Amino acid sequence: MGAIIKISCGNCKKEWTTNWGAGYLYGSVDVAIEALGLKKEDLPTDKMKTMEEPWVFENKIGICDKCQSVQSFPYLKLINSGKEYYTKCEVCGNDLREIEIDDKIEEKCPVCGNFGLDVERTGYWD
Ligand SMILES: [Zn+2]
Ligand SMILES: [Zn+2]
């Protein structure tokens with residue numbers, strides 16, 4: 001189950017609502033491939049289904065400095081090969097800067113540059 005997380009800046013009052021973590025549906029290889037915009041042929045899909053190639057899939061949270069936004073993005077890792085797949089900013093295609101979710105985020109607000117963002121869990125998703 002994933003958490004719905006509200007990230008806000010105490011200075012400029014900007015806030016973002018994001019889906020974080022791993023939802024139940026994300027246990028499916030097909031869902032993961034689709035979320036990443038990949039094709040079945042891009043990945044060892046058959047081996048992933050049998051867990052011969054173990055993998056993890058989750059929603060991480062990233063900052064786009066260009067759009068000044070915080071958003072969740074899909075992230076897939078193949079454990080054996082160490083290969084990682086993830087998407088870029090959904091708006092501008094820029095690289096996202098991954099942030100660690102804790103009680104407080106030790107990052108600059110992408111809008112006003114104030115250090116430290118607040119985190120609040122507002123619900124769950126699956
Ligand atoms: Zn701010
Ligand atoms: Zn962007």
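Four strands form an open, antiparallel sheet in the order S5-S4-S3-S6. The model is predicted, with a mean pLDDT of 93 for the chain and 99% of residues at 70 or more. The chain has two helices and eight strands in total, and a second open sheet, also of four strands, has the order S2-S1-S8-S7.

**Overall layout**

- Along the sequence the elements run β-β-α-α-β-β-β-β-β-β.
- Taken along the principal axes, the C-alpha atoms fill a box of roughly 50 × 30 × 20 Å.
- The chain has 126 residues, and 22% of them count as buried.
- Among contacts in the chain with a separation of 6 or more, 56% are between residues 24 or more positions apart.

**Sheet S5-S4-S3-S6**

- In the sheet with the order S5-S4-S3-S6, the twist from one strand to the next averages 45°.
- S3 and S6 are paired in the antiparallel sense over three bridges. Within this pair, Gly-62 stands opposite Glu-98 in S6.
- Helix H1 packs on this sheet and touches S3, S4 and S5. The direction of H1 makes about 130° with that of S4.

**Helix H1**

- Which residues of helix H1 (residues 29-36) are buried? They are Val-29, Ala-32 and Ile-33.
- These three lie on the same side of H1, because they cover an arc of only 95° around the axis.
- An α-helix has 3.6 residues a turn, so residues three or four places apart point the same way.
- The buried residues of H1 pack against helix H2 (45-49), strand S3 (55-64) and strand S4 (69-78).
- Just after H1, Gly-37 has a positive phi of about 70°.

**Sheet S2-S1-S8-S7**

- The strands of the sheet with the order S2-S1-S8-S7 pair in the antiparallel sense. Its edges are strand S2 (15-20) and strand S7 (104-108), each of which pairs on one side only.
- Neighbouring strands of this sheet are turned by 35° against each other on average, with direction ignored.
- Strand S1 (residues 2-8) pairs with strand S8 (residues 115-125) over seven bridges, in the antiparallel sense. Gly-123 in S8 is the bridge partner of Ile-4.
- S8 also pairs with S7, again in the antiparallel sense, over three bridges. Here Lys-104 stands opposite Asp-118 in S8.
- S7 and S8 form a hairpin with six residues between the two strands. In the turn, Gly-113 has a positive phi of about 85°.

**Nonpolar core**

- The largest nonpolar core contains 21 residues. Which of them touch the most other members? They are Ile-7, Ala-32, Leu-76 and Leu-117.
- S1, H1, S3 and S4 are the elements that give two or more residues to this core. S3 gives the most, with five residues.
- Ala-32 belongs to this core and is also one of the buried residues of H1.
- Leaving aside neighbours within four places in sequence, Leu-117 is in contact with Ile-7, Ser-8, Cys-9, Ile-105, Glu-107 and Cys-109. One of these contacts, Ile-7, is itself among the core residues that touch the most other members.

**Lys-83**

- Lys-83 is in the loop between S4 and strand S5 (84-86).
- Is Lys-83 buried or partly exposed? Lys-83 is partly exposed, because 13 other C-beta atoms lie within 10 Å, whereas a residue needs 20 or more to count as buried and 12 or fewer to count as exposed.
- Lys-83 and Trp-55 are 28 residues apart in sequence, and their C-alpha atoms are 9.6 Å apart in space.

Terms used: Residues numbered from 1 in each chain as written. Chains lettered and ligands numbered in written order. Predicted model: local features only at pLDDT ≥ 70, side-chain atom pairs only at ≥ 80, totals over all residues. Contact = placed C-beta atoms within 7 Å. Pairing = 2+ DSSP bridges. Axes fitted to C-alpha atoms, helices over the stretch in contact; angles between N-to-C directions. Arc of directions from axis to C-beta. Core = buried A, V, L, I, M, F, W, Y, C linked by C-beta atoms within 7 Å. pLDDT = per-residue confidence, 0-100.
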